[in-house]
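Please look through the sequence and the model shown here, and then follow the paragraphs below, which turn to helices and salt bridges.

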Amino acid sequence: MVVTKAVAVPIDELIKKHSDVDPFLIKKWERIFSLFFDRNASHQVDWGDFYLVVKKVRDIYGAESVQTDFAKKSLAALWEGLCSIADADKDQLISIDEWIGLLKKTNAQTEPKWFKDYQNFMFKLFDVSCDGVMDLAEYTDGMNTYGFDQFECDAAFHKFSVDKKGQYVPQMKPETWNTYFHQMFYSTNKADLGNHLFGILDF
């Protein structure tokens with residue numbers, strides 16, 4: 001199958017087209033789609049994008065690492081799950097509109113399996129020591145997989161990894177990660193710390 005590169009849809013057009021969704025969510029969903037799923041910048045997601053993530057994980061952690069093995073198995077399952085529910089035209093490609101349509105059907109109260117799988121995959125990918133918590137070094141390595149540099153990672157981690165008093169917390173537990181993950185996808189409150197889970201937002 002020959003894959004034709006799609007044309008990027010301007011964010012203003014997406015907001016207008018999906019006027020039933022808060023514009024802040026559309027901007028976050030488009031950012032997640034572009035940065036974490038559309039790795040080959042084709043403006044649509046296919047298995048090749050997931051393979052590029054696996055390749056980057058292998059480059060960072062090593063071919064025989066637990067992270068690489070986990071990424072191979074988890075991303076294959078995640079891709080199959082996403083295709084089964086998001087690929088409306090069954091072309092083995094997920095467009096930005098199909099991605100938004102998928103998220104519109106989902107919310108923090110009704111988590112589908114793909115969302116839980118992706119949430120767990122990201123935490124486990126970052127938790128290199130497998131000790132059930134994530135520190136700055138682990139977060140940085142994980143974000144390097146997606147092209148973020150040390151400065152960006154340090155700024156984001158210090159932004160969101162704080163207690164109720166705003167004091168820096170050097171390690172993040174899965175419960176906090178899950179809360180922030182939900183906020184990243186579904187919160188319309190720009191003050192929520194989870195908005196910065198994958199890099200500080202500038203909108």
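Helices (H or I, at least four residues) are DSSP runs, numbered from the N terminus. This is a predicted model, in which local features need pLDDT of at least 70 and side-chain atom pairs count only at pLDDT 80 or more, while totals for chains, interfaces and linings use all residues. Residues are numbered from 1 along each chain as its sequence is written, and side-chain values use heavy atoms, with hydrogens and water left out.

In helix 4 (residues 66-86), Asp69 and Lys73 lie four residues apart, about one turn of the helix. Their side chains form a salt bridge, with the closest N and O atoms 3.3 Å apart; the term stands for a side-chain nitrogen of Lys or Arg within 4 Å of a carboxyl oxygen of Asp or Glu. Asp69 is partly exposed at 39% relative accessibility, whereas Lys73, at 57%, is exposed (buried means under 20% relative accessible area, exposed over 50%, partly exposed in between, with a 1.4 Å probe and protein chains only).

The structure holds six salt bridges, and one of them joins Lys17 to Asp97, with 3.0 Å between the closest N and O atoms. Because Lys17 lies in helix 1 (residues 11-17) and Asp97 in helix 5 (residues 96-104), this pair ties together parts that are 80 residues apart in sequence. A salt bridge also forms between Lys104 and Asp20 (3.3 Å, N to O), and this pair links helix 5 with the loop between helix 1 and helix 2, 84 residues apart. Elsewhere, Lys55, Arg58 and Asp59 are linked in a network of salt bridges.

Note on methods:
Helix = DSSP H or I, 4+ residues; strand = E, 2+ residues; numbered from the N terminus.
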